[in-house]
Amino acid sequence: MAGIGFELRQHLQKETYAGLITAYSIAAIIGSGPWVISIVGTILTGLVALAVQVSGAHVAVFFATITHVTAASLITSGMLQLLFTRFVADRLFEKKRELVVPNLFGALLLTTLVSGLLATLFVLFAFRGLYGYRLLFIVNFVTLNDVWILSVFLTGMKAYRMVVLLFLSGYSACLLLALALARFGAEGLLLAFFVGQALLLLSMLVLVVRQYPSDIRVAFDFLNRRLVFPVLAGTGALYNLGIWIDKFIFWWTPQTSSQVLGPIRLSIIYDVPIFLAYFSIVPGMAVFLVRIETDFADAYDAFFRAVREGASLSMIERLRNQLVSAARDGLYDIFRVQGLTVLFVILIGPRVLAAIGIPLLYVPLFNIDVMGTGIQVVFLGVLTVLFYLDYRALSFGLNVLFCIANLSLTMLTIHLGSRFYGYGFACSLLVATAVGLAILTRKLDRIEYETFMR
């Protein structure tokens, strides 16, 4: 994330309100812009289809398929995202930039083969006939897996406006193609989505290749156990599984969902509130990027550089205090801003839901989902600090806790009834975040000992 911190610092160093607003605006766009564009673009695609008289059943198949493909692709690609990101970071630290793109091609090749095999096996057993739908399911799943792998590079590049423009271009292409292909029903909409994602994938790949030129074609050094940390594969997969597991439970529970096509299901009672709640994390994500990737990143670099270069004890202690202060202040600011955002959204929530035609019966579930997504931003902040400090096993353990808690508590809330829906997701994040903060506090208090003795 060094590139983000570099640009944000430029604006913050101006020490003006304009510079401050610019820095947080850039952070909001970078942290939330791509997924906001993707969500809004997908919704608009469905609305365009309805506007040109495509049946609601076909649009429901499109939405449900994209939702399931997105969830599954995040979980499967999660096994490689963190592991590969750390591999690239280590190679850049060693000034071996020429190894980045060849291993990226290797990672994309491996991802394409594995995701293609998984999707093919799924559609063979899950659907009968529907050959066009099956093919589109496979290619969309494979393309999204590759997009997630490529996305890990975007945070290390400085062409942020270009990245946002690429997402806009990809989903704009999807939207325009939907106008032409909507008459073919769900298959036409899925084809439009695939073309938009393929254009996005190709554009991002061009950006990365230009940033990291190399004469080597394909390499698989990221599979060398001496160069990677396998625990990161489990961490990435479990984090995404923890985020989605409550949704899968609501989809697979008959009384909370409805069948769309074969095993593809939707839970209107649960999907709508949680979907809307995720828009409330934009302010927290902006603060997360500004504080973690400027103050904390600077303090982190200064402290560990002093350790590596043999600075005096008094200097190391002073820089240690700055590191601890930056970590605690950053997490506190995330909590404060996201907490205020949660209160504001809860206050205006009923009016917003009424304005877009959503029954007020959704308000209690929407409120608890807003709290849950707000806690998720703090949880992400805790994990990020632990990753900076290289506590890989602790990060893995927190995600195991989050995943198991979300699974068990969500199943319990379904048994308890509709008044408790959403509490499994929120409470699991609360438990994991509280445990993470306690562990991080202890580690920060012992940072000198941990640094030298490890």
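The following is a short chat about a predicted model of one protein chain.

Q: What is the average pLDDT of the protein?
A: The average is 88, and 91% of the residues score at least 70.

Q: Which element has the lowest mean pLDDT, and which the highest?
A: Helix H1, residues 2-12, has the lowest at 55, while H13 has the highest at 96.

Q: How many helices and strands are there?
A: The protein has 15 helices and 2 strands.

Q: Why does the radius of gyration agree with a compact globule?
A: Because a compact globule with 454 residues would come out near 22 Å, and the protein has 22 Å. The C-alpha trace spans about 70 × 55 × 45 Å along its principal axes.

Q: How many of the residues count as buried, as a percentage?
A: Of the 454 residues, 51% count as buried. As for the surface, the protein exposes about 21,000 Å², with carbon and sulfur atoms supplying 69% of that.

Q: What about contacts between residues at least 6 apart in sequence?
A: Of those contacts, 80% join residues at least 24 apart.

Q: OK, surface patches. Which residues make the nonpolar one?
A: Leu109, Leu113, Val114, Leu118, Val218, Phe220 and Leu223 make a nonpolar patch of about 610 Å².

Q: Where is Phe220 found?
A: Phe220 is in the loop between helix H7 (186-211) and helix H8 (231-252).

Q: And why is Phe220 classed as partly exposed?
A: Its relative accessible area is 38%, and partly exposed covers the range between under 20% for buried and over 50% for exposed.

Q: Back to H13. Where does Leu394 sit, and what is it in contact with?
A: Leu394 is in helix H13, residues 392-416. Leaving aside neighbours within four places in sequence, Leu394 is in contact with Ile439 and Lys443. Leu394 is partly exposed, with a relative accessible area of 26%.

Q: Switching to Thr384: buried or exposed?
A: Thr384 is buried, at a relative accessible area of 13%. Thr384 belongs to helix H12, residues 363-388.

Q: What does Thr384 touch?
A: Not counting residues up to four places away in sequence, Thr384 touches Phe288, Ile292 and Glu293.

Q: Last one, Val307. Which residues does it touch?
A: With residues up to four places away in sequence not counted, Val307 touches Ile316, Thr451 and Phe452. Val307 is found in helix H10, residues 282-308. The C-alpha atoms of Val307 and Asp90 are separated by 18 Å, and these residues are 217 apart along the chain.

Terms used
Residues are numbered from 1 along each chain as its sequence is written. This is a predicted model: local features need pLDDT of at least 70, side-chain atom pairs count only at pLDDT 80 or more; totals for chains, interfaces and linings use all residues. Side-chain values use heavy atoms; hydrogens and water are left out. Patches are made of residues with over 30% relative accessible area and no salt bridge: like charges are joined within 9 Å, nonpolar side chains (Val, Leu, Ile, Met, Phe, Trp, Tyr) within 5 Å. Accessible areas come from the Shrake-Rupley method with a 1.4 Å probe; for residues, only the protein chains shown count as cover. A salt bridge is a side-chain nitrogen of Lys or Arg within 4 Å of a carboxyl oxygen of Asp or Glu. Helices (H or I, at least four residues) and strands (E, at least two) are DSSP runs, numbered from the N terminus. Buried means under 20% relative accessible area, exposed over 50%, partly exposed in between (1.4 Å probe, protein chains only). Contact means heavy atoms within 4.5 Å. pLDDT is the predictor's confidence in each residue, from 0 to 100. The radius of gyration is taken over C-alpha atoms; the globule rule is 2.2 Å times the number of residues to the power 0.38.
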